[in-house]
Amino acid sequence: MNKRIEQVYALFAEAKQPLKFMEVCGTHTMAAFRSGLRSLLPERLSLISGPGCPVCVTANDSINKAIAIAGCPDTIVATFGDMIKVPGSTTSLERVRAQGGHVHVVYSPLDALDLARKNPDKRVVFLGVGFETTVPGVAWTIKNSAETGVANFSVLCMHKTMPAAMAALVSAGPIDINGFLCPGHVSVVIGSNAYAFLAEKHKVPCVVAGFEPMDMVGAIEMLLRQIVEGRSSVEIEYSRSVTPEGNLAAQRIIQEVFEPCDAMWRGVGRIPGSGLKIRREYAAFDAELIFSDIAIESDDENPACICGKILRGVKTPYDCALFARQCTPSEPVGACMVSSEGTCAAYYAYAKKRGA
Amino acid sequence: MCLAVPAKIVSIDGEKAIIDTEGIRREVVVSLIPDPKVGDHVIVHAGFAIQKWSEADVAEFNGLMDEMRSVEPGAPGHGPHE
Ligand code: SF4
């Protein structure tokens, strides 16, 4: 057996208790499934998936707003691909597009800005979805459109920040998370120091992990070592990318363009200080203000969908009556089934049946 | 969302650069990383380089991939993350 995995078994035996580690990032969830990592780990050491898929945590209300904007005349909505299938209360961006609405899938906010330059008679609205990894690029794009005088570009800002959400999870209970596998690329930007309060105040061990399966095994080993030694601190396994301070240029541009605000997380609710909004200096690029008077559908979610509990790590997709029956990636009921990084989609692709 | 494969800078023009990821070329913004140079290995997210990797980091990455392949012979090769 591989040396690292042997270490995990040895340390787990020493820890003498079942353990739950939460991987907060959707890319980790996918990597763990794709590589078969879960099946390599001790049975009573479970990986639970947290609220780290940005599309999945986007509240219904925000989806409804994006859909309403896509229906406005002379307007193009530009978005990352994962967003278009997400069901709002009655429809999705994909269906709006099929009915003639202008919805473009882009790879980067830069592509959305290009779209605005090429269509000066249209309003181009980029859907700002994502955590701290995505935010610096969107900030740069807003700044660049201000500097180069692109007046028909704006951003519907739904960005969220990770540490506040992790704090909400540990203080809400009743799940006991024995350790966090902290997100790799969010941490590139914010630095590992951002999690210090989780280790110090909440006494939860934190290790920033890279995205290779062996990175994750290494990070699990580091978490186990903290537990065996009875300490909780913030450590970095992904040292080829992450420093304690993070990317300062990226942090500066975030602060220049955005300011913190409260944000609604699907299934978790309102978390103070966990969102970002566009600063007043850049109000001309804030779709929230530009489209402030459009009518939005009320935010009904399918009551049978338990996405919210899954995002908090309290339930798994197997607990949902709709999973793999009425709810599949081609006909998703909830957001967790839509995004390729959603927990329900990952279970569907790799472990449709319990024990698979 | 997170692409954790390093790309290589092949040319730079102001704040933008052309990068090469396993043969695919693309334009990205490099002004969020300190002192970008042609030949640097960078991690890219949605059109922006967010970090640099040293040669040693690239070697570590390749080592981890080899290690995983030895654990599970049938494991699929590493593809880009969505
Ligand atoms: S399987 Fe579908 S309906 Fe059930 S929780 Fe997941 S997304 Fe919601």
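Predicted model: local features only at pLDDT ≥ 70, side-chain atom pairs only at ≥ 80, totals over all residues.
## Overall form of chain A

Chain A contains 16 helices and eleven strands. Its C-alpha atoms fill a box of roughly 65 × 45 × 35 Å along the principal axes. A compact globule of 356 residues would have a radius of gyration near 21 Å, and chain A agrees with this because its own value is 21 Å.

Of the 356 residues in chain A, 60% are buried. The chain exposes about 13800 Å², and carbon and sulfur atoms supply 50% of that area. Contacts can also be sorted by how far apart the partners lie in the sequence. Among the contacts in chain A between residues at least 6 apart in sequence, 77% join residues that are at least 24 apart.

## The shell around the ligand

## Aromatic pairs

A pair of aromatic rings is described by the distance between the centres and the angle between the planes. Over all chains, the structure holds ten aromatic pairs. One of them joins Phe80(A) and Phe126(A), with 5.5 Å from centre to centre and 90 degrees between the planes, an edge-to-face arrangement. Phe80(A) lies in the loop between strand S3 (75–79) and helix H6 (93–98), while Phe126(A) lies in strand S5 (residues 123–128), so the pair ties together parts of chain A that are 46 residues apart in sequence. Both Phe80(A) and Phe126(A) are buried.

Phe131(A) and Trp265(A) make a stacked pair, because their ring centres are 6.0 Å apart and their planes stand at 25 degrees, under the 30 degrees that stacking requires. Phe131(A) is in the loop between S5 and helix H8 (135–147), and Trp265(A) is in strand S10 (residues 258–265), so this pair ties together parts of chain A that are 134 residues apart in sequence. Phe131(A) counts as buried at 6% relative accessibility, and Trp265(A) is buried with a relative accessible area of 1%.

Ring pairs also link Phe33(A), Tyr318(A), Phe323(A), Tyr347(A), Tyr348(A) and Tyr350(A) into a cluster.

## Two residues in loops

Asp74(A) sits in the loop between helix H5 (60–70) and S3 of chain A. With a relative accessible area of 49%, Asp74(A) is partly exposed, because the exposed class begins over 50%. Not counting residues up to four places away in sequence, Asp74(A) touches Asp121(A), Lys122(A) and Arg123(A). From Asp74(A) to Leu127(A) there are 53 residues in sequence and 17 Å in space, C-alpha to C-alpha.

Ser241(A) is found in the loop between strand S9 (234–236) and helix H13 (248–257) of chain A. Its relative accessible area is 2%, so Ser241(A) is buried. Leaving aside neighbours within four places in sequence, Ser241(A) is in contact with Val188(A) and, in chain B, with Ile43(B), Gln51(B) and Trp53(B).

Notes:
Residues numbered from 1 in each chain as written. Chains lettered and ligands numbered in written order. Heavy atoms only, no water. Helix = DSSP H or I, 4+ residues; strand = E, 2+ residues; numbered from the N terminus. Rg over C-alpha atoms; globule rule 2.2 N^0.38 Å. Buried < 20%, exposed > 50% of the residue type's maximum accessible area, 1.4 Å probe, protein only. Contact = heavy atoms within 4.5 Å. Areas by Shrake-Rupley, 256 points an atom, 1.4 Å probe, with all protein chains shown as cover. Phe/Tyr/Trp six-rings, centres within 6.5 Å; stacked < 30°, edge-to-face > 60°.
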